[in-house]
Structures are given as structure tokens and as C-alpha cells.
Amino acid sequence: MELAASAPALAKARTAKSPRPRSGKRTVPMVVKLAYRNLFHDRLSFFVTVVGIMFSVVLVAVQSGIYLGSANKIAAIIDAAPADLWVVPLGTKSYDDPSFLSGRERYMALSAPGVANSEDMLVSFARWRKPLGGETTVLLIGTAGESPKALPLNITDGSRAALEAPNTVAIDRSYFNDLGVSELNDVAELNGTTVKLVAITKRVRSFTTLPFVFTSIEESRRLAGANQDQASYQRVTLLPGANIETVRKEIERRLPDTEVLTQAQFRTRSQDYWLKQTGAGAALDAGKLLGLIVGIVIVAQTLYSSTKDHINEFATLRALGAGAGYIVKVILIQAILSGLIGYTLGMSLALIAIQAAQDTKLTIIMTTPLAVQLFAITIGMCIFAATSAIIKVVRIDPAVVFSR
Amino acid sequence: MTEPSNSKVIVEAEGIVKVLGTAPNEIKVLKGIDLELQTGELTLMMGPSGSGKTTLLSILGCILSPTQGQLTIAGLKTQNMSKEQLANLRRKHVGFVFQSYNLVPTLTAVENVMLALDLRDINGPGAYDQAAEALESVGLGHRINAMPSKMSGGEKQRVSIARALAGSPSVILADEPTAALDAKNGMAVMELLAQVAQDTRRAVLAVTHDHRTLQFADRIITIDDGRIAGSERPKISGKAVEMAAH
């Protein structure tokens, strides 16, 4: 600036030592600085915004985590015993909607070109009588012990091999209270037969309230009253290089009373049944929607009132020649900053809750893609919530600066 | 006093009429104003309340559009310009000094000036030095990191002048720049505006009610009932006295 240094009133001030660091130092862009100063100026209002977003993020994260946890839980048995193709009774809604195949399916499948192996899996409802009295329904699952895909997984006490002995079962530790047992070698009655607990698993829980009870395929047939060739499903493994769709069609042609599904199809069918057809997923979706609405309302309200508080500054900026885009940028940065801080705190809280729920009946899962998705949703929500504030600022009449 | 030899007309208003409100309640605030502002001059605009001074200032600053008439700033005709084009013109050619300073309270003095530079796409490390220089030029080199809430009225108005100077606009429009200041600070601010006006690339127009400021004027315009009632160039201004003393 090129002012002539002549005014005596200013001379003293000019000789005062300047604290300015003469530098080419990097500075935060002014538009960002203005946004965060505006945001942090009213700390109470900022606190309310962040708490609102945090609450919204926790709600959406936990609901999404429960949804994902439920989806994984529904498919847990299918995932634990993977197959290239599943031969299932016609009209099967879910893997835990058990009925029996006729008994000839294994050999029919094995005779189809491209098939390397086909294994039996039996799933059936059964009555569990507790040692100290009382009955409950369980889901009995039998698989062949010689298979590398034999169930159950995650055995912490006992062994899978012990299940090959007659009248033996495995259950998850989290079902001890429900089933009235407390340690290995405890006995109970399953469909009227005395069975002994020989293996204990960890975190192998069903999506429904029915506890899983695992045993060998032979024992499951006996306990479920099936004949020696019967099973609920055939898990088919293909030869290397075989075309999955060709083999699927061929088995389906040979077994007209069955459906032949890929692993992904059976998984999706089971998840869709429980999450979409029963309404359980809709309840979780409603929770997520509620979280989003709460977040949008709180952010919109706070941004609007912050904009109103700073309206004279925005009018001054407009008078100084700021384009509408510059002012919109300030509001959007405020929204994004609120979202960033709210998301960080909310996600931290959600992760703590998820960690705390790990050994409970509630399965909540957080994955990196879900966290990224939630981040995008949070920022999107905050930007959407900024709409009312943006409408307010772009309508500012800069002439008000002269009437103040 | 004669016009500076190398001055040129930077703002030209012809037949400016401004009607506010709608019939039958419309009010004709400006009734045909012809005005030229020349670089290197401090023009003071005086007149009673309601005479149309602030409306004229708003039109000259491209904040309001005239109902009739033609305005040219730095050779650019403003007629038919959109809101964004007018904002662009203000950003490039007009600096404002407001009665109540209108500083951003959450930014320091230097940041307030940097904000005005940022609007003109002057940013990065150089902007800080440029803003600090602007503050030094108005005698606030030692207060660059002060928040407006910690500054006196005079200091705030000097920051406001430094902000108006940022980006070297062609014209500076000041609305009652001394109205909120005590006599001493008011005179200091007027002195500063008079210095700013010495730059032959720039014109300064200040609306004022304060007769003590007349000594700084190169030209005095009187406005009454929406019309220019008088325009004179004082024979000896305060500036001339000071220059003579040197």
C-alpha cells in the first residue's frame, strides 16, 4: 500500500514495533478460516450440532452394524460350510427352513459331469430337554465328519472328532443358560434321546432365537428321524475348470424336485427371507432413517441459526464483491466441518459400543466399506442440511450494510 | 483549488433516478443525479437526512441499481449487468468504508484485510504480507493480530480503510466514516482518507454530516431532496494547508 506518511496522528502508531512475522508462511485459506471461526464462535451452538451429528452417526452406525451382523449371522452356516452349488428342496426359503430331500440326490449330483464331490448336510428342528427340566426348540445341524468343511467351527473345548461318537453334540457357550448345561460331558435329551456335550464353540449363534446344536450327519439323521440317505441339502463341489452354470442346469435337469443354487444365491435367499420378508430388516432400516432425520434436522437448525447470527457479515462480504459461490462455500465448509467432527466422535462411540456388544447376543459389525459409506452419508446429510442456510445467504441484500 | 492535472473521471453517473416501493406508495428518492468522481480527489457528499445520500452511495457502489440513468465505473457501463456481474465489478473496482466498520468479529485485523484480498483471488503466503502492509500504511502495524472486539472505534475504522484499500480499487466509497468516532479519531480517519485520495489512480467519496471534515475535501457536493444542490471545490483544503506547511 502506498500512502504518504504524513499524518501526525498516525506517526506514533507507525513507529510502534510490528509483531508481524515477515514471512512467506503458508496460511489456511480464508474461506476455510472464516467457516471454522464462524462455527466455533458460538460454542454452545457448535456443541449442540456436534452432539446431534454424533447421536445420528451412532444410531445409523449401530443400526447398520446390526443389519450387517444379522445378514452375516443368517448366512453364517452357509459361509462356514461353503460349496460351489447347493441342492435344496424346492421352495426352500432359507437354510433354516428345513425339509428333507428324497435321498437319491447325492448320487444324482455326483454323476453329473463336472462334479467333484457332493456332501450331505441335515438341518432339522428338534426338542431339547434340559437336565433340570424344561424344554426348548433347537436347530439340529449334521455334517459329515470326514469333510474338511465339517461343522461346527470355532471349537474352544472338546473336538470335532468327538462328535463321531453316538449321542454326542456340540453347542455354543452363549447358549448354556438357554439349554441348561454348563460344561463338557453334561447330558440332556434331544428328541427323547440322551446326548452328551462333547464340544463347545465360541460366537456361533443363530439369527433366530433357536440355538444351534451340532452333531454328525449320521447322528442327526437318527435324531431327526430321517432315513440313512436323506439330508436337507447337498453341498456340491465342482471339478477345476467346470462351468458352474452348465453344471447347475444339468443337476437341476436331473433333479426336477429340487432347486440348485450357487453359494451367493443361497446366501442372498436366506438373508432376503429374514431381513426383507419377515420385516426385521425394515425395522432396522427405520432406525437408520430415524437417525438420518435427527441428524439432518439438528444440523439444518444449527447451520440456519448460525447463518442468521452472521448474516450481517455475509451481507458485508456480498457488498465487498463476494460472489454467491464464495458465501455458499463458507456455509458448505461449516457443514462439512461439523460432519467431520460429528462423524469422528460418533464413529468412535459406535466402535466402543460394538466392542462392548461383542460377547453378547447382539451381533454388531463394522467394516471399512460400511464406515466409508457412513462417512459419505454423514457428509451428504450435513450438506443437505445446509440447504436452508444457503437459500438464506444467497438471498441477502447487500444494501443492508448501509442501514446498520 | 484546481483539479489535479493527471486526474481522470473514474465514476460517471448520468440522470440517475431511483424509485423505491411500488405505486401508489412509491417514493422517488433520487430525481436525476449527474455526477463525476475524479481520481486523486476526496469528494465529500453532504445533505440532510433523507436527501438520498446513502441511496446514491449504494448506486455508485453497484449495490443498488438505478431505476433510470446510466452509471459507468472505470469505463464499464453497469446497465443490464446481472447481480453476479455487479458483485464482480465491486470486487475489482470499489472499496467500501462503513459507518459501523462491518469487520468480521471472528477474524483478526490482518485476517479481515486478507479476506478482502481473498475475494480478489489474492491469497497464499503473499496475501498475509500484503494485508500487513495495508495495516501498516494506516498505522496499525502493531495491531495486526488484534481482534475487532479488542480495538477502539478509530482502530476498527482504520482496519476498515485498510480492507477497502486491499486490491487497489478505483474508487473508495465511505458512508459516514467518522459518525461513530470521537473528534480526535474522526479527524485521524479523515486525514487517512485524504491521503488515500492523493493516489491519482483512485477517487474517494465520503458521505458525511460532520462539518469539521470539510477541511479535508477537494470537492464538496451538497444533495437535497434527491437532487444535487451544489458542487464546489474549496480554494484551500486542509490538505493544501498541510502541503504548504511542508
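What covers the buried residues of α10(A)? Point 1 takes this up. The model is predicted.

1. Helix α10(A) and its cover. The elements that cover the buried residues of α10(A) include α2 (30-41), α3, α11 (311-319), α12 (324-356), α13 (368-385) and α14 (387-394), each of chain A. Among the buried residues of α10(A) are Leu284(A), Lys288(A), Gly291(A) and Leu292(A).

2. Helix α3(A). This helix takes in residues 43-74 of chain A, 32 residues in total. From its first C-alpha to its last it reaches 45 Å. That is close to the 46 Å expected at 1.5 Å a residue. Of its 32 residues, 23 are buried, so α3(A) is largely enclosed by the rest of the structure.

3. Domains of chain A. The domain assignment gives domain 1 as 31-71 + 280-394. Domain 2 is 91-256. Taken over C-alpha atoms, the centres of the two domains are separated by 46 Å.

4. The largest nonpolar core. This core has 193 residues. Those with the most contacts inside it are Val87(A), Val113(B), Ala131(B), Leu135(B) and Leu193(B). Helix α3(A) gives the most to the core, with 14 residues. Domain 1 and domain 2 of chain A both give residues to the core, so it lies between them.

5. Leu135(B) in detail. Residues up to four places away in sequence are not counted here. Leu135(B) then touches Ala109(B), Val110(B) and Val113(B), among others. Its contacts also include Leu140(B), Gly141(B), Ile144(B), Val159(B) and Ala162(B).

6. Val260(A). This residue sits in strand β10 of chain A, residues 258-262. Is Val260(A) buried or exposed? It has 24 other C-beta atoms within 10 Å, so it counts as buried. Neighbours within four places in sequence aside, Val260(A) is in contact with Leu85(A), Val87(A), Arg248(A), Ile251(A) and Glu252(A). Arg248(A) is 12 residues from Val260(A) in sequence, and their C-alpha atoms are 6.0 Å apart.

7. Tyr326(A). Helix α12 of chain A holds this residue. Tyr326(A) has 20 C-beta neighbours inside 10 Å, so it counts as buried. Which residues does Tyr326(A) touch, not counting residues up to four places away in sequence? They are Val31(A) and Leu119(B). Gly114(A) lies 212 residues from Tyr326(A) in sequence and 65 Å away in space, C-alpha to C-alpha.

8. The four-strand sheet of chain B. This is an open sheet with the order β2-β1-β4-β5 and antiparallel pairing. β2 (27-38) and β5 (76-77) stand at the edges with a single partner strand each, so one side of each has no neighbour in the sheet. Helix α1 (residues 53-60) of chain B packs on the sheet. It touches β1 (9-20), β2 and β4 of chain B. The direction of α1 makes about 125 degrees with that of β1(B).

9. Pairing inside that sheet. Nine bridges join β1(B) to β2(B), and the two run antiparallel. Val11(B) has Leu37(B) as its bridge partner in β2(B). β1(B) and β2(B) form a hairpin with six residues between them. Gly21(B), in the turn, has a positive phi of about 80 degrees. Strand β4(B), residues 68-73, is joined to β5(B) by two bridges, again antiparallel. There Thr72(B) has Lys77(B) as its bridge partner in β5(B).

10. The six-strand sheet of chain B. This open sheet has the order β6-β7-β8-β3-β9-β10, with mixed pairing. Its edge strands are β6 (94-97) and β10 (227-232), each pairing on one side only. Direction ignored, neighbouring strands are turned by 20 degrees against each other on average. Four bridges join β6(B) to β7(B), residues 171-175, and these strands run parallel. Val94(B) stands opposite Val171(B) in β7(B). Helix α6 (residues 183-197) of chain B lies across β3 (42-46), β7 and β8 (203-207) of chain B. It runs at about 150 degrees to β8(B).

Note on methods:
Residues are numbered from 1 along each chain as its sequence is written. Chains are lettered from A and ligands numbered from 1 in the order in which they are written. This is a predicted model: local features need pLDDT of at least 70, side-chain atom pairs count only at pLDDT 80 or more; totals for chains, interfaces and linings use all residues. Two strands pair if DSSP finds at least two bridges between them. Two residues are in contact if their C-beta atoms, placed from the backbone, lie within 7 Å. Axes are lines fitted to C-alpha atoms, for helices over the stretch in contact, and angles run from 0 to 180 degrees between N-to-C directions. The expected span of a helix is 1.5 Å times one less than its number of residues. A residue is buried if 20 or more other C-beta atoms lie within 10 Å of its own, exposed if 12 or fewer, and partly exposed in between; C-beta atoms are placed from the backbone. Domain bounds come from an automatic or database domain assignment. A nonpolar core is a set of buried Ala, Val, Leu, Ile, Met, Phe, Trp, Tyr and Cys residues joined through C-beta atoms within 7 Å.
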